[in-house]
Amino acid sequence: MSVQTTTSRLNLPALKKMKQLKQPIVALTAYDYSFARLLDQSGVEIILVGDSLGMVIQGHQTTIPVSMEDMLYHTSIVSKGVERALLIMDMPFMSYASVERALDSATLALQDAGAHMVKLEGGMDQLPIVEALSRHDIPVCAHIGLKPQSIYKSGSYRVQGRNQAAATLMIEEAAALEQAGADIILLECVPQKLAAEISANTEIPVIGIGAGNACDGQILVLQDLLGITPGKPPRFAKNFMQESPDIQTAIKTYADDVRSRKFPDEEHSFS
Ligand code: KIV
């Protein structure tokens with residue numbers, strides 16, 4: 001049985017219901033109209049305009065140079081191709097540095113660019129921001145674990161939460177973010193057992209990337225799925241084009257493998 005919605009649009013209650021029914025949620029990034037349309041028509045539940053566009057579209061080394069204008073432009077062209085999926089816009093570096101900035105940025109995302117939800121990176125420090133957005137009924141996805149916007153502080157894109165103290169903090173962060181009003185948690189590069197515990201202890205959907213197959217859903221950067229990310233792909237990423245004759249089949253295989261929890265397997269997860 002699959003979740004039915006009253007409109008054809010996937011909404012937050014429908015995604016929450018999928019979690020309750022243990023139906024894995026399929027998510028992917030997109031940055032333009034053609035791919036957005038393809039993903040939407042293939043039945044992907046969530047499309048994220050990630051600030052990963054800084055690396056896979058703009059050729060930067062990090063996501064830091066991505067501006068609000070870049071995000072609004074790409075979200076607006078993606079939104080033209082999205083009829084069914086929930087569309088999330090990543091808030092770029094420093095665009096949510098205060099409650100006022102976050103509210104202004106999220107307003108632009110929803111009103112001008114056509115996003116249905118915003119995503120921000122951060123844990124305990126971002127609770128006042130999440131609370132303020134939630135108080136204004138702006139849906140929020142909170143991204144914890146590996147946070148690419150913190151690269152100049154962290155120094156590397158390493159698996160997070162491997163020691164007990166870091167794992168405990170991440171569990172507390174997820175609970176606090178849910179309490180503050182976050183609607184989705186995105187967990188990046190986290191040992192699978194820790195991700196499973198966080199997913200089991202939250203009522204909101206937990207979408208993983210490099211976080212094992214016990215999360216409520218999975219996301220990949222589209223270029224990683226297509227095997228065209230320049231340089232060495234992250235260990236958790238899988239090139240679905242290797243076993244597919246065309247892009248549509250690769251996307252469908254990814255979606256099928258997420259739904260059957262075949263992806264991510266041990267090779268694409270961390271312990
Ligand atoms: O920017 C992005 O694409 C992300 C990924 C973790 C999905 O945040």
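A residue is called buried when its relative accessible area is under 20%, exposed when over 50%, and partly exposed in between (1.4 Å probe, protein chains only). This is a predicted model, in which local features need pLDDT of at least 70, side-chain atom pairs count only at pLDDT 80 or more, and totals for chains, interfaces and linings use all residues. Residues are numbered from 1 along each chain as its sequence is written, and side-chain values use heavy atoms, with hydrogens and water left out.

Start with Cys 189: its relative accessible area is 5%, so it is buried. Now select Cys 141, which also counts as buried because its relative accessibility is 1%. How many disulfides (pairs of cysteine sulfur atoms within 2.5 Å) does the structure hold? There are 0. The closest cysteine sulfur to that of Cys 141 belongs to Cys 215, and at 12 Å it is too far for a bond. For Cys 189, the nearest cysteine sulfur is again in Cys 215, 12 Å away.

Next, select Leu 133 and Leu 187. Within the largest nonpolar core, which has 90 residues, these two touch the most other members. Such a core is a set of buried Ala, Val, Leu, Ile, Met, Phe, Trp, Tyr and Cys residues joined through side-chain atoms within 4.5 Å. Its largest share, 6 residues, comes from helix α8 (residues 164-180); helices are DSSP runs of H or I, at least four residues, and strands are runs of E, at least two, numbered from the N terminus.

Finally, move to helix α4, residues 68-79. Its buried residues include Met 68, Leu 72 and Val 78. They pack against α2 (33-41), β2 (46-49), α3 (53-56), β3 (86-90) and α5 (99-112), where contact means heavy atoms within 4.5 Å.

Technical notes: A disulfide is a pair of cysteine sulfur atoms within 2.5 Å. The expected span of a helix is 1.5 Å times one less than its number of residues.
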